Amino acid sequence: MHGNWAIGPLRRVLLAGLAAVVFAVVAGAVALVFPAGQAVVLSAFVAAAVCVAGAAAADRWIERLLPEPQSGFAAVAGKLPAVGSWEQSLPVLARMLAEATDAEHASVWLAAGGRLVTGAAWPAPLSGTAHNVADIDTLRAVPGIGHVVPIEDGDLERGALAIGKQSAVTEADERRMRDIANGTALLLRSVALANELRARVRRAEELSAELTASEQRMRHARDTERRRVVGEITTVTEDGLGAISAQLEDLKAALGGDPDSAGAALTRLRATLEGVIERFRAVVHGVYPGVLRDEGPLGALREFCADLGKPVQVTGALTGRVDWEIESAVYYLAASAIRLLSAAGEPVEVRLLHDSGRITARVAGPLPRPALDLRAALSDDEDRIAALGGELRCEQEGDRVAVVGWLPDHLAPLVEEAPPPAAVVDEDSVPGRINRLTRRCGEVCGREPIPPVRDVRGARTALAELEEAVRALPRDLPARAELVFELDRIRADDHELTELELIELLRGNNVPLPEAARASAARLLGATGRDPCTRLALPFGSAPEEIRSAAARELDHWRDRAENPLAPRQVREVGRGVVRTCEGLLHITAG
């Protein structure tokens, strides 16, 4: 960097020297051609004119001859080791810093753990100086350090450069220190990115290993379940068909020998056939119960326990439907545990909970007799739950044992991402109005405010708490009527919350609809915009007749889906919500 300052003066000296040579040559040539009296004046004018005319061309020629001046970044990069780690580069930077500023001492400090630590020093660390300081202000106060420049990478402070010299720090020193600080920031950024890349590669390898193990557990659970179903079907068919075959022979013998006994043989045959059909229906029902699809694990477990004929009590509640993988895993775990614990015929208690982003199933009953390793017996269910991100454990208290399994209430890829920005709630939406009313209620009641609603999941809970708080206010309180009125208005717009809930349901891929139908339903419910034209995929400013016509078409289409008794429950639920939305659009345009 020291050499950059000399390029400008050298260029001017070369240009002046070239002009002097041209002036002398042209003046001498003119003096030889013209008489002595005229040559003195004329030669001076001609030589000056030639110099002025050729100055620009000469300047460009000199510029090509001189080396390109180095920028601060290029000077820093050019002196760094061609091959080596960043630890080897820091001493070079410290030495460059000392040479560029004529300092007796130079040091590079790095930010680590909220403090500044010494990275390198030239020619050696200051004696009696700590190797780390709290911040830049503390570094400036260290004896022997005269000037400090931070190493900044955008908004991130990566460290500092410090020098100590007897003379004052000049503007040129400050400029050179900033050039080196910028180059150091680039170096440290590349180091940080390389470390982040290595960490991500390592995490990707770990996730790949976890995925492989999860796939193996799921494959094992699937194979085990397949063998169980095949075994049950084989048992039903072999035993049942064997019995039917024997009774057919009895019927044939009765018809040949004693026709009066054929009726009794036929009755026995019919009872055996109905038993086989019922057993086969139970096997098929156990593969994936229809109640599980329509009502969720709670309803399916109640039906399972009713068919089991054992004293089993099922309690609890789920706040909403979740992905079918989670619901089926919870159901099969609880069903397996119920079979094991109810074998002795003693009471068994089953409880399902949905709280803090988890669904928990707890099955408690007497210890199995004879003794049984529950974890081993439930290993297939444990593999299924572990593959979905949950956990299974067994708890024993005296002569009773509880099987407890939990799962996250939604499936999501396990990736490390930057935290999302805080959700912005529209103040005119129902969640925004709930937040506004909770703040007002807190001011009136003088109580701890209800936490603000961030999404539709918390809106229902917050609305129930808000209604309880408002109704509990004294009737003679002047502000109570205002709060009740606003609460009733929010309740009147309850369909907006229903729309938001249905949009979340559609986004969770838990509705058996084609992709195009799911997108159409979400659009009609207001996922892409709440104005009528956006909901109906019409151009902005469409005539009311076009809006009414489009809304009527959608109404007829989704009413058919909502009223179809063969459609799954989720499809009928979405259909009813879209129908109500379309009816509202017709009412708006009619008004």
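User: What makes a residue count here, and how are residues numbered?
Analyst: The model is predicted: local features need pLDDT of at least 70, side-chain atom pairs count only at pLDDT 80 or more, and totals for chains, interfaces and linings use all residues. Residues are numbered from 1 along each chain as its sequence is written, and side-chain values use heavy atoms, with hydrogens and water left out.

User: Why is arginine 158 called buried?
Analyst: Buried means under 20% relative accessible area, exposed means over 50%, and partly exposed lies in between (1.4 Å probe, protein chains only). Arginine 158 has 18% relative accessibility, so it counts as buried.

User: Which residues is arginine 158 in contact with, leaving aside its neighbours within four places in sequence?
Analyst: Contact means heavy atoms within 4.5 Å. The partners of arginine 158 are Trp109, Leu110, Ala111, Ile151, Asp153, Ala185, Leu188, Arg189 and Ala192. Arginine 158 itself lies in strand 5 (residues 156-164).

User: How do you know that strand 4 and strand 5 pair?
Analyst: Two strands pair if DSSP finds at least two bridges between them. Strands are DSSP runs of E, at least two residues; helices are runs of H or I, at least four; both are numbered from the N terminus. Strand 4 and strand 5 are joined by 7 bridges and run antiparallel.

User: How many bridges join strand 8 to strand 10?
Analyst: There are 9 bridges between strand 8 (residues 358-366) and strand 10 (residues 400-408), and the two run antiparallel. Arginine 362 stands opposite valine 404, and proline 366 opposite arginine 400. Strand 7 and strand 8 also pair antiparallel, over 7 bridges. In their hairpin, with 2 residues between the strands, serine 356 takes a positive phi near 55°.

User: What makes a set of residues a nonpolar core, and which have the most contacts inside the largest one?
Analyst: A core is a set of buried Ala, Val, Leu, Ile, Met, Phe, Trp, Tyr and Cys residues joined through side-chain atoms within 4.5 Å. The largest has 35 residues, with Leu301, Ile338, Val350 and Val363 making the most contacts inside it. Helix 10 supplies the largest share, 11 residues. Apart from this core lies another, of 27 residues, including Ala521 and Ile547.

User: Why is helix 17 called largely enclosed?
Analyst: Of the 10 residues of helix 17 (residues 515-524), 7 are buried, so the rest of the structure largely encloses it. Among them are Ala517, Arg518 and Leu524. Just after helix 17, glycine 526 takes a positive phi of about 100°.
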